[in-house]
Amino acid sequence: MEIFQQLVAAETGDSQAGVDSALVAAVLRKDRKATAEFVAKYSDCVYRYVRARLTPRLDLVDDTVQEIFLAAWEHLSTYRGISPLQGWLLGVARHKVEDYYRSVLRQPELLSDFNQDELHGEGESEIETSLDRKLLQEKAQRVLLSMPRQYSVALLWRYWEQRSAREMAAQTGRTEKAIERLLARARSQFREKWNNE
Amino acid sequence: MSSHNPTSDFFENLAADAQPLEDEAKAPPSLKSRIYSALVRLQSSSGPLLGLRECQEAGHGLCVFEQLVRIAPVGERLKAMNPCQVCHARVLAERFDNAPIYWPHCPYVKFQER
């Protein structure tokens, strides 16, 4: 089957798939030099992804990236060469990041006595969206960094990972309503900090 | 999430706009070194690594220490071991992002990206 897929990739001119499959085969043969190439070639993209998704907990990034590569090695034999290796690795990374999100959102919730009135103005927000991209990113990082961890994780999972409240609820054992409330509180606090910066 | 909520729209736009800026970050060389060491350790734990001769035949260059191990009059089992485990290049590279190591074909030098 694998040979067939490699032939199809070659026939369709998908040389990247062939390169990826050859690299994976060499790593599985425990070729140390190929393993070094594997790390050199893909660690930057995995690092970038994890760094963006774990903000503001940058202290967790290095260990998470290492765990991703070790998990990738454990499951590398399941890589079939159909999709690019980078995409496959980012899939592994996504699972690891979501493990972290789950662990944070399963903790007892902050501000359980949160005043619902504070959410009333949410729909009328006038947030400046015309900032330069880089400034926008930097400001977002600063605001996320200043928020309680559950709030920043909820926002990252919902908007950067584009997971629905229903999916987040299913993965954390909470109700969809509870996740929506958490998101509303997180957005409200984000907006307040954003406007006060 | 309702698309009519300006705050929600703002977050969706912010997340979309922030994506390309992720491209600027690179994994530190010391992290790459630690990942490589951990991977090779894990590979070794389930049996011998591919021999140095086979690595060379596959088109890879060997560093000076690996060359020495390859030509040394020792058994294939010893040759399949990882000489990086006892090399100071590994120790330096795992601890410093600009490690003072320079010889060709050393994976830890490759991670320095000079």
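Chain B has seven helices and zero strands. Helices here are DSSP runs of H or I with at least four residues, strands are E runs of at least two, and both are numbered from the N terminus. Along the sequence, chain B reads α-α-α-α-α-α-α.

A word on the model. It is predicted: local features need pLDDT of at least 70, side-chain atom pairs count only at pLDDT 80 or more, and totals for chains, interfaces and linings use all residues. Residues are numbered from 1 along each chain as its sequence is written, while chains are lettered from A and ligands numbered from 1 in the order in which they are written.

Back to chain B. Of its 114 residues, 34% are buried. Buried means 20 or more other C-beta atoms within 10 Å of the residue's own; exposed means 12 or fewer; partly exposed is in between; the C-beta atoms are placed from the backbone. Now contacts: two residues are in contact if their C-beta atoms, placed from the backbone, lie within 7 Å. In chain B, take the contacts with a separation of 6 or more; 51% of them join residues 24 or more positions apart.

Now α2(B). This helix covers residues 29–45. It has 17 residues and reaches 24 Å from first C-alpha to last, close to the 24 Å expected at 1.5 Å a residue. That expected span is 1.5 Å times one less than the number of residues. How many of the 17 residues are buried? The count is 12, so α2(B) is largely enclosed by the rest of the structure. Among them are B:Leu31, B:Ile35, B:Tyr36, B:Leu39 and B:Val40. For the classes: Ala, Val, Leu, Ile, Met, Phe, Trp, Tyr, Cys and Pro count as nonpolar, Asp, Glu, Lys and Arg as charged, and the others, Gly among them, as polar.

What do these buried residues pack against? Two partners are in chain A: α3 and α4. Two are in chain B: α6 (88–95) and α7 (107–110).

B:Arg41 is partly exposed, with 13 other C-beta atoms within 10 Å. Its C-alpha is 8.7 Å from that of B:Gln85, 44 residues apart along the chain. After the helix comes B:Gly47, with a positive phi near 125 degrees.

One more backbone point in chain B. B:His105 has a positive phi near 70 degrees, and is not a glycine. B:His105 lies in the loop between α6 and α7. With 17 other C-beta atoms within 10 Å, B:His105 is partly exposed.

On to chain A. Here we have nine helices and zero strands. Of 197 residues, 36% are buried. Among contacts between residues at least 6 apart in sequence, 70% join residues at least 24 apart.

A:Lys30 also has a positive phi, about 65 degrees, without being a glycine. A:Lys30 is in the loop between α2 (15–28) and α3 of chain A. Is A:Lys30 buried or exposed? Buried, with 23 other C-beta atoms within 10 Å.

Chain A is assigned domain 1 (2–105) and domain 2 (126–196); such bounds come from an automatic or database domain assignment. Nine residues of domain 1 contact 14 residues of domain 2. On the domain 1 side, α3 and α5 (85–105) each supply at least two residues. The largest share, five residues, is from α5(A).

Next, the interface between the chains. The contact takes 37 residues from chain A and 36 from chain B. On the chain A side, α3 (32–54), α4 (61–75), α6 (133–145), α7 (149–160) and α9 (176–196) each give at least two residues. α3(A) has the largest share, 12 residues. By class, the chain A side splits into 16 nonpolar, seven polar and 14 charged.

Last, the cores. A nonpolar core is a set of buried Ala, Val, Leu, Ile, Met, Phe, Trp, Tyr and Cys residues joined through C-beta atoms within 7 Å. The largest has 56 residues, and those with the most contacts inside it include A:Val46, A:Val50 and A:Leu155. α3(A) gives the most, 11 residues. Both domains of chain A contribute, so this core lies between them. A:Leu155 touches A:Leu144, A:Ala186, A:Phe190 and B:Phe11, leaving out residues up to four places away in sequence. A second, separate core has 12 residues, including B:Cys63, B:Ala99, B:Ile101 and B:Tyr108.
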